[in-house]
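Have the sequence and the model open as you work through them.

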Amino acid sequence: LGTNPKAVDSDGDTYGDLAEINNDYNPTGAGKLSQNKNLGSYLNTTFNLSLLYPVSWKRTIASTDDSIMLTAPDNQFIQVLVQPNTDREAIVDWYKKTFEAETIPSDQLLTAADWQGVRSPDGLSAYLTNKDKSYIFTVTYNLGSQRTLNYKNLFELILRSLKLTA
């Protein structure tokens, strides 16, 4: 994102970079995170979703618009997949049925203004549904052949920035 890896506060505004990112502020200057020149905005009008992503990453979009893959230079990637929620189930019910889970710990539940979600136990996937429950959106961080999460904070940023509008 253009931050200084050797500094806690790249722009010298007395707020740490990670705190700024986690609160939707630009860690390299004034304004909101969306104003960071190293982030782009992806808009998918087919499924009414938008998100922020690192512009230096390769962006691959399926011809049917139901998948976007954001690939880092080291080939780790974050993917968003869209599938119909045929029965228009609440995400908790869908998750329990799909993964044969009896209960879901509260720390796996996610909420945003325009979606509800459940995080996988390993934290590398999130399953979301939009307000009208017409689709399931799966957001997954794939490590590829590596064993280190190099982009955990970027995964969280992408997930927090994801908007699902009607």
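## Salt bridges, step by step

This is a predicted model, and the count of salt bridges in it comes to six.

**Exercise 1.** Work out which parts of the chain the salt bridge between Asp132 and Arg88 ties together.

*Solution.* 
- Begin with the distance: the closest N and O atoms of Asp132 and Arg88 are 3.8 Å apart, and the cut-off is 4 Å.
- Asp132 sits in the loop between strand 8 (125–130) and strand 9 (135–142), while Arg88 sits in the loop between strand 5 (77–84) and helix 2 (91–99), so the pair joins parts that lie 44 residues apart in sequence.
- Finally, look at accessibility. Asp132 is partly exposed at 44% relative accessible area, and Arg88 is partly exposed too, at 48%.

**Exercise 2.** Find where Glu156 and Lys152 lie, and decide whether each is buried or partly exposed.

*Solution.* 
- The closest N and O atoms of this salt bridge are 3.9 Å apart.
- Both residues belong to helix 3 (residues 152–161), with a spacing of four residues, about one turn of the helix.
- Buried means under 20% relative accessible area, so Glu156, at 16%, counts as buried. Lys152, at 46%, counts as partly exposed.

Methods:
Residues are numbered from 1 along each chain as its sequence is written. This is a predicted model: local features need pLDDT of at least 70, side-chain atom pairs count only at pLDDT 80 or more; totals for chains, interfaces and linings use all residues. Side-chain values use heavy atoms; hydrogens and water are left out. A salt bridge is a side-chain nitrogen of Lys or Arg within 4 Å of a carboxyl oxygen of Asp or Glu. Helices (H or I, at least four residues) and strands (E, at least two) are DSSP runs, numbered from the N terminus. Buried means under 20% relative accessible area, exposed over 50%, partly exposed in between (1.4 Å probe, protein chains only).
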